[in-house]
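Hi everyone, thanks for coming. I'd like to walk you through one structure today, so please have a look at it while I talk.

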Amino acid sequence: MLQRPRRNRKSAVIRDMIQETHLSSSNLIFPLFIVDGEKQKVEVKSMPGIYRYGIDNLLHEIESCLKLGLNSFDLFPAVEESLKDKYATESYREGTLYLRAIEAVKKNFPEACVITDVAMDPYSSDGHDGIVENDEILNDETLAVLGKMALAHAQSGADIIAPSDMMDGRIGYIRELLDQNGFKHVSLMSYTAKYASAFYGPFRDALGSAPKKGDKKTYQMNPANSREALIEAQLDAAEGADFLMVKPGLPYLDIIKLLNQNFDLPIAAYNVSGEYAMLKAAIANGWLAESAILETLLSFRRAGATAILTYHAKEVLEKGWV
Ligand code: PBG
């Protein structure tokens with residue numbers, strides 16, 4: 001045998017020497033849930049180790065992450081049911097929890113990168129990402145709400161705004177609105193290929209944001225499709241997105257690779273709540289070794305993602321795996 005691939009695996013030094021992809025803390029974005037009230041730290045039942053924080057505890061959590069070299073955070077609000085309405089007006093109301101949280105983080109940690117989520121669902125009494133009229137999710141009317149939300153986030157100090165709603169035309173609409181209002185420097189991370197997935201279950205539990213009626217299949221993508229992701233990516237790139245995101249991550253590694261091969265924009269992967277819950281449950285039961293976490297995160301890098309949104313972000317640094 002002239003070729004013996006095992007020679008390149010014979011020692012740790014050689015294995016490290018030829019390692020093709022690496023994971024670094026700079027690749028990681030930590031999603032954090034926030035809730036109103038002081039001294040709040042409530043664990044999400046289906047996501048062991050993940051909490052909903054009041055703003056004071058959110059600041060403590062971010063401080064401890066920064067010390068570990070984890071510098072990017074994506075914030076999501078759990079909104080009280082009584083504050084929700086058809087038009088998600090709570091999302092851009094002056095002084096609302098979410099805007100206060102963005103301001104507090106940027107004020108205390110100007111060096112942290114704050115990513116904000118634009119979509120109506122946490123604030124919508126219908127639990128949908130858009131305005132619901134006669135069981136239909138209205139597209140163009142929703143853009144106006146998303147625009148108000150994005151502008152409020154920018155005014156509060158967001159570094160990157162991430163529209164997760166999947167309405168058509170929202171990247172261009174928000175980009176133009178931000179530019180007209182002096183926020184040319186605020187970036188857009190588009191949820192480009194967001195699939196109608198069962199893997200968002202624990203997130204919807206965390207925020208109480210599940211649809212009250214129906215599903216999200218008229219706006220989120222069909223899990224069976226990949227060519228459609230190219231259409232979404234072309235539109236987002238043309239409309240001014242700075243990042244293209246694929247979500248969920250693990251069941252859609254092929255889509256990450258597809259977008260990475262066809263577009264020059266950085267690709268983000270969202271390792272979603274259900275993927276986290278799945279690994280955590282198996283590890284807790286002794287069915288999987290903890291190294292499955294790093295293996296999963298590396299798979300996103302191998303597929304071509306530079307940024308990885310993951311609930312594992314802090315633990316992999318705490319454990320010194322990255
Ligand atoms: C909604 C939104 C969802 C997630 C992020 N933004 C869920 C959904 O579309 O219902 C999911 C994140 C996760 O599961 O970790 N705009």
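Let me start with how residues are classed: Ala, Val, Leu, Ile, Met, Phe, Trp, Tyr, Cys and Pro count as nonpolar, Asp, Glu, Lys and Arg as charged, and the others, Gly among them, as polar. What you see is a predicted model, where local features need pLDDT of at least 70 and side-chain atom pairs pLDDT 80 or more, while totals for chains, interfaces and linings use all residues. Residues are numbered from 1 along each chain as its sequence is written, and side-chain values use heavy atoms, with hydrogens and water left out.

Now, the ligand. Its shell (residues with a heavy atom within 4 Å of it) has 18 residues, of which S164, R204, K247, S273 and Y311 come nearest. By class, that shell splits into 8 nonpolar, 3 polar and 7 charged.

Next, some polar contacts, meaning pairs of N or O atoms within 3.5 Å. The side chain of S164 places an N or O atom 2.7 Å from a ligand nitrogen. For ligand oxygen atoms, the distance to such a side-chain atom is 2.6 Å at R204 and 2.8 Å at K216. How much of the ligand's 400 Å² does the protein bury? The protein buries 100% of the area the ligand exposes when taken alone, by the Shrake-Rupley method with a 1.4 Å probe.

A cavity is a set of points where a 1.4 Å probe fits but cannot get out; a pocket is an open set with protein on both sides within 12 Å along at least five of seven lines; lining residues have an atom within 4 Å of a point. Volumes are the space filled by probe spheres set on the points, which are joined across faces, edges and corners.

The search gives 2 cavities of 30 Å³ or more. The space taken by the ligand is the largest cavity (more than half of the ligand's atoms lie within 2 Å of its grid points), at about 90 Å³. The largest pocket has about 230 Å³, with R15 and R302 among its lining residues.

One last thing to look at: the peptide bond from K247 to P248 is cis, with omega near -10°.

Methods. Polar contact = N/O pair within 3.5 Å; in protein donor to acceptor, adjacent residues only side chain to side chain. 1 Å grid on protein atoms, 1.4 Å probe; cavity = no way out; pocket = protein on both sides within 12 Å on 5 of 7 lines; lining within 4 Å.
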